[in-house]
Amino acid sequence: MLETHELRLQLKETRQQLVDALYENDAAKRVVARLLKERDQLRQHVETSAPIEMQVDTKDYLKIIAETAEVQRKAPPTLATQEELQQLSVLKTVTHLHTQKEPQSNFLALGSHLLSGGKDGSCFVITLEGEAVGSTKAHKKPVTSVQWLADDQFVSSSVDGTVKHFLIEETKSGHKIKAQTTYDFEPVRSVSVHPSKKLLGVVEAHQWTLMDLETRLMNIESPGLTFGQFHPDGLLFATGNDKGQILVWDIKKKELAATLEEHQSPVTQLNFNENGYLLVSTSKDQVVCWDLRKLQAVHKMDVESPVAVFDHSGKLFMVKKWISVHKLETATPITSLSIGQDCRSLFLGEQGRKLEILSIQ
């Protein structure tokens, strides 16, 4: 009798936990559905010129976010096909990047040139053909991310507690990199550039900060953060944490919109596809692809130390294993990845001061 009573109590408690979880899941879905509806209304506003009420902050950052959400994004017709991707092969191998003591590219960013942020605290500017044309000792400790602001400007972050804004000047002897502004934080996990190129999202362990190049606009406290990335529409900011959770924030309302849970270890990277419907996240041994319309994981894969990024069509590319497209192996571990224009080239940062450039021949 006593055992039966205890089982009934456990069953009652389990049912209540299930009900609570279903309510939380339903509430999160409704929040994301509302955000997607607001985005569609903003897009319709451009087409019909119908007025939409909107509160604009004195710093106009809400206006910047709204204008970014109106931009339509489509895959270009020149995007490489899956058959063409089978022809990817090594075009050039660049050596002697960063220092022998810390021979590793932690982060790559592609623009008119390629940016490499290293474990040694340096940043390199590299042509798309593989020539290093400029470098600077940007930080005292490892670089955690680099992002382009314009063809001649970029930002970098580091565990030394700084985010720096750099200007690139082209000279006869190469590209001269000048530090414009230094922003002081606690150790910075990542910096993300808003799609408008006017705002930054800076992630520290205990909070993330929205700022422009002059002012910190707002702080959102959240413990254990590891990475952050803006949604392509600019309305959302996603952060990963050391519990393996992904937190999706509504920037306008300054509140948590959804929580995604699948990873069993700290989230190491986040990347949205171009239309913003999909998100790929990585941890030390897993890659998860999420459908944000359903708030569900639609694909999971066990991969050691993965680096993952979307191409413009929304197909998922992954180091060490690619889904239904192509597979390649490298002699040394890959630490960073960037996909070139129209997915016709691929840049792989590897341990041992190496950068491999792959191209469709």
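The model is predicted, so local features need pLDDT of at least 70 and side-chain atom pairs count only at pLDDT 80 or more, while totals for chains, interfaces and linings use all residues. Residues are numbered from 1 along each chain as its sequence is written, and side-chain values use heavy atoms, with hydrogens and water left out.

**A four-stranded sheet**

Let's start with an open sheet of four strands, ordered β2-β3-β4-β5 with antiparallel pairing. Strands here are DSSP runs (E, at least two residues), numbered from the N terminus, and two strands pair if DSSP finds at least two bridges between them. At the edges sit β2 (105-110) and β5 (132-137), each of which pairs on one side only. On average, neighbouring strands of this sheet are turned by 15° against each other, direction ignored; the axes behind such angles are lines fitted to C-alpha atoms, and angles run from 0 to 180 degrees between N-to-C directions. Inside the sheet, β3 (residues 114-118) and β4 (residues 122-126) run antiparallel and are joined by four bridges. Look for leucine 114, which stands opposite isoleucine 126 in β4.

**A covered strand and its two partners**

How many residues of strand β15 (residues 236-241) are buried? Six of its six residues are, where buried means under 20% relative accessible area, exposed over 50%, and partly exposed in between (1.4 Å probe, protein chains only). Leu236, Ala238 and Gly240 point one way from β15, whereas Phe237, Thr239 and Asn241 point the other way.

β15 pairs in the antiparallel sense with β14 (residues 225-230) over five bridges, and phenylalanine 227 stands opposite glycine 240. Five bridges also join β15 to β16 (residues 245-250), again antiparallel, with alanine 238 opposite valine 248. Both pairs form hairpins: the one of β14 and β15 has five residues between the strands, with glycine 234 at a positive phi near 80°. The hairpin of β15 and β16 has three residues between them, and glycine 244 in the turn has a positive phi of about 85°.

Most residues other than glycine have a negative phi.

| Residue | Phi | Loop between |
|---|---|---|
| Lysine 197 | about 65° | β10 (188-193) and β11 (200-204) |
| Serine 305 | about 45° | β21 (296-302) and β22 (308-310) |

Why does lysine 197 count as partly exposed? Because its relative accessibility is 44%. Serine 305 counts as partly exposed because its relative accessibility is 47%.
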